[in-house]
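Hi everyone, thanks for making time this morning. I'd like to walk you through one structure, so let me put it up on the screen.

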Amino acid sequence: MSLYINLRTVVVTILFYSSTLLTYITCTETNLQPNIVLIMADDLGIGDIGCYGNNTMRTPNIDNLAKDGVMLTHHIAAAPLCTPSRAAFMTGRYPIRSGMDNGYSVRVLVFTGSSGGLPENETTFAALLQKQGYATGIIGKWHLGVNCESRNDHCHHPLNHGFDFFYGTPLTNIHDCKPGEGSAILTNFQGRLRLINNTLMVGLLILFVMKWTGFTNLGWGIIVWLTVLCSLFFGAWYCVFGFMRVWNCLIMRNHDVVQQPSNGETLPTRMVEEALAFIERNQRKPFLLLMSFLHVHTPFFTTKAFIGKSKHGAYGDNVEEMDWHVGKKGFAGWEGGIRVPGIFRWPGLLPSNEKIDVPTSLMDIYPTVVSLAGASLPQDRVIDGQDLMPLLKGDVQRSEHEFLFHYCGAALNAVRWHPKGSDTVWKAHFFTPKLEVGPCYRSEICGCHGQYVINHDPPLLFELSKDPSELNPLSPDTEPLFHEIQNQIQIGVEKHRKTLTSVPFQLAWNNVLWKPWLQPCCGTFPFCWCDKDSNVSITMRDPSQ
């Protein structure tokens, strides 16, 4: 496929990652309105990119962007999980403001047939750019909900949040979507159901033996009815989770389901072709394209051309394939879960091979993109992000963030303080997760309350400018200003809390549980099975070339 770009262009490149999100932006100027392409990827570690210090993983295309641009080394995601992090990214607001995180054990959307999602009254940057005359598209992962009350109302759908075009999965990449990987959906709940089922089966077996040997006068009719009820119980939950791969794993083009279940091995190449097609057909008007990769979220779907090419098994193969795709297009409170790479490239405007080590946030992309497009920020709500361009151009030496707040669900987990007129960055943890507790391993998500956390009073304090790995907590004996720092952080917390308003939790149990009447389906439910998208193909060169 040919791709024609106006020679009179200005190119801006921005690359970000969070534990849920990697974002990369390129802009080409058309009639003073920049074309904007954002690339996102899941679960890419901050140490897994060559330009951030990894010399065993091959990411040459991303590394070249860093060499030609500005690197942020203290860039922070708003949340360590997919759904809340993406909500913050799309709205420029802490996810607690939109109800897109909560204190329950389920902190991400796990069903396409659930009613939770990004509220309709939230304004995404796509919606603002759409009003500016932009063509807006998203390709890949959405993970911010689909329906509210019926199978086709699409209240949370990308096309209801400012996008003109959508191709990809409305959910995420989960183990259930890869044959042989088992299930990762509500594993604790499935375990309890399995225990109840096994107990009932053992009870029925004992009842049969007692009736057969004459130890009970209970009639056979009652025993048969109990057997039927137990079978219905087993069938109900087993069918739901057993068929979830078909129902949950799907590909949509705009409002239509085109593949169910999805084919994760061929999806990346189809995404590339869709991205190139979107760019080509919108050459004569400004456009915004959000390219949202499923790489490198588990399970690892890797095309054959990249299998066995890296030194780090399936994960390394997945990272290197993601880097190839970047080149093909040319464009929980701990630091390890939320500190993320960020790369900006704009030849002629931004310096090259530059590093900036002051706190910035993934939410800053919202006002930055909106400003570049010539749009205005909403005035009827709090926008937590800050325009990064003055910092990137060198007009200022620090960002506007004095405080950054880190939530675990609806609970304030930690606070980062960058005092005015100082290079020091302090961070206080009000609680930390108990990593040894079972749910952290079984569900891959740690809890935010009760037995799952360790509370700290006074808060656990670190000086990140000297201890970015948070290995050496401070005390009044080791830090003379310990109590003053804690007091200033508490003042910042109180000011922040005054800006919060009560909103419905989009991830409450009644919103995250599966509802069959909301399930997107390409046929007649429950017979959801189709492949209208198998003809898409693209030739990929050998990654070693």
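**A walk through the model**

Let's start in a loop: threonine 172 sits between β6 (165–169) and α5 (187–213). One thing to keep in mind from here on is that this is a predicted model.

So, is threonine 172 buried or exposed? Its relative accessibility is 6%, so threonine 172 counts as buried. Its side chain has a partner as well: there is a polar contact with the side chain of lysine 141, at 2.7 Å.

Now for the helices. Please find α14, which covers residues 482–497. This helix has 16 residues, and from first C-alpha to last it reaches 23 Å, close to the 22 Å expected at 1.5 Å a residue. Which of its residues are buried? They are Phe482, Ile485, Gln486, Ile489, Gly492, Val493 and His496. Looking down the axis of α14, you'll see these buried residues fall within an arc of 120 degrees, so they line one face of the helix.

Helix α8 runs over residues 267–281, so to speak a neighbour on my slide, with 15 residues. From its first C-alpha to its last, α8 reaches 21 Å, close to the 21 Å expected at 1.5 Å a residue. How many of its residues are buried? The count is 12 of the 15, so α8 is largely enclosed by the rest of the structure. Among the buried ones are Leu267, Pro268, Met271, Val272, Leu276, Phe278 and Ile279. The buried set of α8 also includes Arg270 and Glu274.

On to the sulfurs. How many disulfides does the structure hold? There are four.

I'll begin with cysteine 408 and cysteine 448, whose sulfur atoms are 2.0 Å apart. Cysteine 408 lies in strand β13, while cysteine 448 lies in the loop between α13 (439–442) and β16, so the pair ties together parts that are 40 residues apart in sequence. The torsion about this S-S bond is -75 degrees, and the link is left-handed. Cysteine 408 counts as buried at 4% relative accessibility, and cysteine 448 counts as buried at 7%.

Next, cysteine 521 is joined to cysteine 528, with S to S at 2.0 Å. This link is left-handed too, with -110 degrees about the S-S bond. Relative accessibility is 15% for cysteine 521, which counts as buried, and 2% for cysteine 528, which is also buried.

Then there is the disulfide from cysteine 522 to cysteine 530, where the S to S distance is 2.5 Å. For those of you who set up bonded terms, note that a pair of cysteine sulfur atoms has to lie within 2.5 Å to count as a disulfide here. The torsion of the cysteine 522 and cysteine 530 link is about -130 degrees, so this disulfide is left-handed. Cysteine 522 is buried, with a relative accessible area of 19%, and cysteine 530 counts as buried at 13%.

Last stop: the aromatics. How many aromatic pairs does a search of the whole structure find? The search finds 13. Take tryptophan 247 and phenylalanine 525: their ring centres are 5.1 Å apart and their planes are at 40 degrees, so the pair is tilted. Tryptophan 247 counts as buried at 6% relative accessibility, whereas phenylalanine 525 is partly exposed, with a relative accessible area of 24%.

There is also a cluster, in which ring pairs link Tyr94, Phe403, Phe405, Tyr407 and Trp417.

Methods
Residues are numbered from 1 along each chain as its sequence is written. This is a predicted model: local features need pLDDT of at least 70, side-chain atom pairs count only at pLDDT 80 or more; totals for chains, interfaces and linings use all residues. Side-chain values use heavy atoms; hydrogens and water are left out. Helices (H or I, at least four residues) and strands (E, at least two) are DSSP runs, numbered from the N terminus. The expected span of a helix is 1.5 Å times one less than its number of residues. Buried means under 20% relative accessible area, exposed over 50%, partly exposed in between (1.4 Å probe, protein chains only). The arc is that of the directions from the helix axis to the C-beta atoms. A polar contact is a pair of N or O atoms within 3.5 Å; within protein, one must be able to donate a hydrogen and the other to accept it, and residues adjacent in sequence count only if both atoms are side-chain atoms. Rings of Phe, Tyr and Trp (its six-membered ring) pair if their centres lie within 6.5 Å; planes under 30 degrees apart count as stacked, over 60 as edge-to-face and the rest as tilted.
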